[in-house]
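Visitor: Could you walk me through a few spots in this model?
Guide: Gladly, here it is.

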Amino acid sequence: MEPSPAKGKPQGRLLVSTTLDAKDELEERLERCVGIVTSLTNGLSEREANDAITANVCKGPQQHEEVCLGLFALLLTEPPQAQRCYRDLTLVNRDGMNVILIKINQILMEKFLKLQDVCRTQLVWLVRELVKSGVIGADGVLMTLMKQIAGGDITSKNLWLAENVLDILLDQREWVLKSGMLIAMSVYTYLRLIVDHGTPALLVLRQKEVDLCIGLLREKFMECFIIGRDLVRLLQIVARIPEMELLWKDLLHNPQALSPQFTGKGLLQLLTARTSRKFLACRLTPDMETKLLFMTSRVRFGQQKRYQDWFQRQYLSTAESQSLRCDLIRYICGVVHPSNEVLSSDILPRWAIIGWLLTTCTSNVAASNAKLALFYDWLFFSPEKDSIMNIEPAILVMHHSMKPHPAITATLLDFMCRIIPHFFPPLEGQVRQGVFNSLTFIMEKRVLAHLAPLFDNPKLDRELRSMLRERFAEFCSSPSPPTEGRDEGANEMKMEESVSLEMDNHVLLDKEDGCYDNTEAAFSDDEEEVNNKGNKKREFRFHPIKEAVIEEPADITPYVDQLDDTMKEKVLQLQKGSDTEAHCEVMQEIVDLVLEEDFDSEQMSTLASCLAELFKGHFRGDVLPDDITEESLEESVCKPVCLVFRNLCQMQEDNSGFSVLLEMLAELYQKQPKIGYHLLYYLRASKAAMGKMSLYESFAQATALGDLHTCLMMDMKACQEDDIRLLCYLTPSIYTEVHTNVFYAEFPDETLRSGELLNMIVAVIDSTQLQELMCHVMIGNLVMFRKDSVLNILIQSLEWETFEQYSAWQLFLAHSIPLETIIPILQHLKYKEHPEALSCLLLQLRREKPSGEMVKMVLSRPCHPEDQFTTSILRHWAAKHDDVLGEHIKALLIKNNNMPRKRQSLRSSSSKLAQLTLEQILEHMDNLRLNLSNTKNSFFTQTPILQALQHVQASCDEAHKMRFSDLFSLAEEYEEPSSKPPKSRRKAPASSPRSRKGTVTPVSNEEESASSSASEEEDSKPKAPKRKRKGSSAVASDSD
């Protein structure tokens, strides 16, 4: 029998998943390989099995890889077989374990967070064995595993991983000393982790980390020297630990004690060496790194709040996570260096993320360390060795914070002044020179046109301005700030490309008061209440200026000059013209040129940059007409950029021009992400695109994302942020047309089974739009839920806001999906935490005739005096469907009474959380009895209920008999009239269990009465008075 995937962790599986998750390709492949190995060795002795897999491996590379991966997967998922699998792996492997090392790295970088606990333990064990065996490349795997140890995290799993990797390094010290990079990476990692492990409970672990670092630093200091200046920063933070203090003093005053090659000038040499990106990146887990890179490459400035909130909840919400901010700032400064294309766009800039991180520091120590991390490359900056990108974020944070957050600018300027004499007094001159080099280089590269508006700003207090004039007199002499501000605006256009484009992005945000998103939410919400349309655009108020900038030839000249003469002429015509019809004609000519065989594909990126700049105006404002008619829709898609869509629709997929136009769109998408949802709109609105929705799949695969689900989610997210009406207009296409006509295989699994898209919709719609969507569902134009996915989506919705949850339930109720499909959600609902779902479910259950599964789920809810859900729905059913409810309750009582041990194995996979017990049913029944006590309801006089109570009372223990004596007493009163033939004859089938009462009772209590030899009549006679006596005493006790 196949194990139920709904349990989350079925045996033999690699990754944690549910039945609603799409099948993971890697896991599927490993399972196939396990099947191959199992088929080869099944039923054979150990020697025969070795011979079989060895013979199979010799057949070719494919068989070799399959056997190795099969043994690898077995090793991870079956701990008892691990030793044997590893031994077989070492015997049959022909490539020095290379295939295994590649797969381990893939799992560590992509799947580690999803690994089951058993597999995670086995993976660490396997890495330890590879290190013991001295496998070439094991050091790389160990460094990748080390990257998974998160900074600022003292959860048990993270501590377990940190300690296990530490044990490998300590136990295999001789092997570690052979790899210089592993030595340096280990020292960098554990110097950083020591900071997090200062609590009394973690002192043993911290001491082991200190011993490792000191041992490697003293024995192999020159190998650690390659870390560069950040080695000094990490040592400085932990220098108060006694053993570390001795090493710190040697580093400052007796460097040759660490290494004969490390002379008095060695410290300066170390501080002037820039730390490699490898070390800065190693302190972020792959998941953190992916999220940060996403924010700095895909999220637009001003729309970052929800991403920052998510990141903060995930990684920055605990007190220990304060130390992680330094790692993030060093990573952003030293590793994230955006391309010119990103700098020229409205993508979230680095300085805004750093400013946000600074505002989240709640500890003075963490704030000081974060500021040091930001300015660290300034202190010994050399234009010949260092990059402008390393020092640019700090100056831009100060510049852009002056108006909305002057306190941040002031504290950073104060820190910059004070760090010069206090960082290391013997090197004060070098630090001062480094800061001067940084400021000079910033002005040379035109990051800021002048520094005087920053250093001598009236918003700063007098003492700070005086200190700045004293320290940086060379940079404070300039005209008055207002004039300077105008000069700065004029000079922005003359900056070097990379910097001027970035300044283009942000110098216009003078009225933006929430660049770090601490105040942005309130500002944004106020506008949203006024008008849902275009609110985000008005919030920044810089689009008209950007349009003016775009119209200037200087904006596209660098790109145009790279085009051939014919294409250049057409692009210039687009730039000069203003008539839409003329633009369309020229655009068609450009498309024709692109489709010519002699078109140089290397020009595609340059052409896309030109078009993205020229058509920025087309991507502003509302796309969807106010009055939706066939004419207005056709008119709305008569834009030059839509000509590319039209040509694509007119081509066959096997046409060579089809792939060329897709490449053109993919390049445009990189420059202007709004292209994605504009394509969706064209395919939905244009008559020429009728039935061509499959083009979007081809487009998604042609983009750099390369994935339909990811591309669609990104485009719908962009649409949600820009135009909510358009989002609602596209929703039927996404859910229905795309699903039924195009992507039936992959789309339901990845998108329709996910609540992500639904949450995106209900998070922004109003009540009118909700009603429109419900009408679409009722008419049949829209299908948002399917039977196999609706339960998972509703469970996900429990974390949403109240209106979002109510909207999701309203949309669900508009579908004709049986309520039994989602009834297992009851096991997830807590009366205090999920009132929205409980109230919607209660009203819907009220309209239903109870089924066995419904009653089971309702009775499975824990009993709590304040939770009236179960009692209220049972009371309603008792009034409307008493006979049906009685039969279902009888069946559950008898089943749970007779087969307590088999209950769990017999329950359905849909109710994996159901823990229905006999005691629970009796509690709910007793609550219902009390609720009905003052009414004329005859529910508890029904034969099935009384028979079931008698059945349970006869076999339950004394404690239950006492506890539910009032409930059982109802059945006792039923005994005398039920023995009369006329009444029992009316319900013969229902009374049949009662006629067998004497035989059923011993069977259900065979452990207690197996040795009884009395007849049925004799056995039943003494029980009636016994029950009456206990019943009466229990009643008195209960009333008391």
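Visitor: Where does Asp600 lie?
Guide: Asp600 lies in the loop between helix H35 (580–595) and helix H36 (604–614), helices being DSSP runs of H or I with at least four residues, numbered from the N terminus. This is a predicted model, in which local features need pLDDT of at least 70, side-chain atom pairs count only at pLDDT 80 or more, and totals for chains, interfaces and linings use all residues. Residues are numbered from 1 along each chain as its sequence is written, and side-chain values use heavy atoms, with hydrogens and water left out.

Visitor: Is Asp600 buried or partly exposed?
Guide: Asp600 counts as partly exposed because its relative accessibility is 34%, where buried means under 20% relative accessible area, exposed over 50%, and partly exposed in between (1.4 Å probe, protein chains only).

Visitor: And Arg229, buried or exposed?
Guide: Arg229 counts as buried, because its relative accessibility is 0%, and Arg229 sits in the loop between helix H12 (221–224) and helix H13 (230–237).

Visitor: Which backbone oxygen lies 2.9 Å from a polar atom of the Arg229 side chain?
Guide: That is the backbone oxygen of Leu271, while the backbone oxygen of Thr272 lies 3.5 Å from a polar atom of the side chain of Arg229.

Visitor: Switching topic, where is Lys220?
Guide: Lys220 is in the loop between helix H11 (203–219) and H12, and Lys220 counts as partly exposed because its relative accessibility is 23%. The C-alpha atoms of Lys220 and Leu177 are separated by 8.0 Å, with the two residues 43 apart along the chain.

Key:
Helices (H or I, at least four residues) and strands (E, at least two) are DSSP runs, numbered from the N terminus. A polar contact is a pair of N or O atoms within 3.5 Å; within protein, one must be able to donate a hydrogen and the other to accept it, and residues adjacent in sequence count only if both atoms are side-chain atoms.
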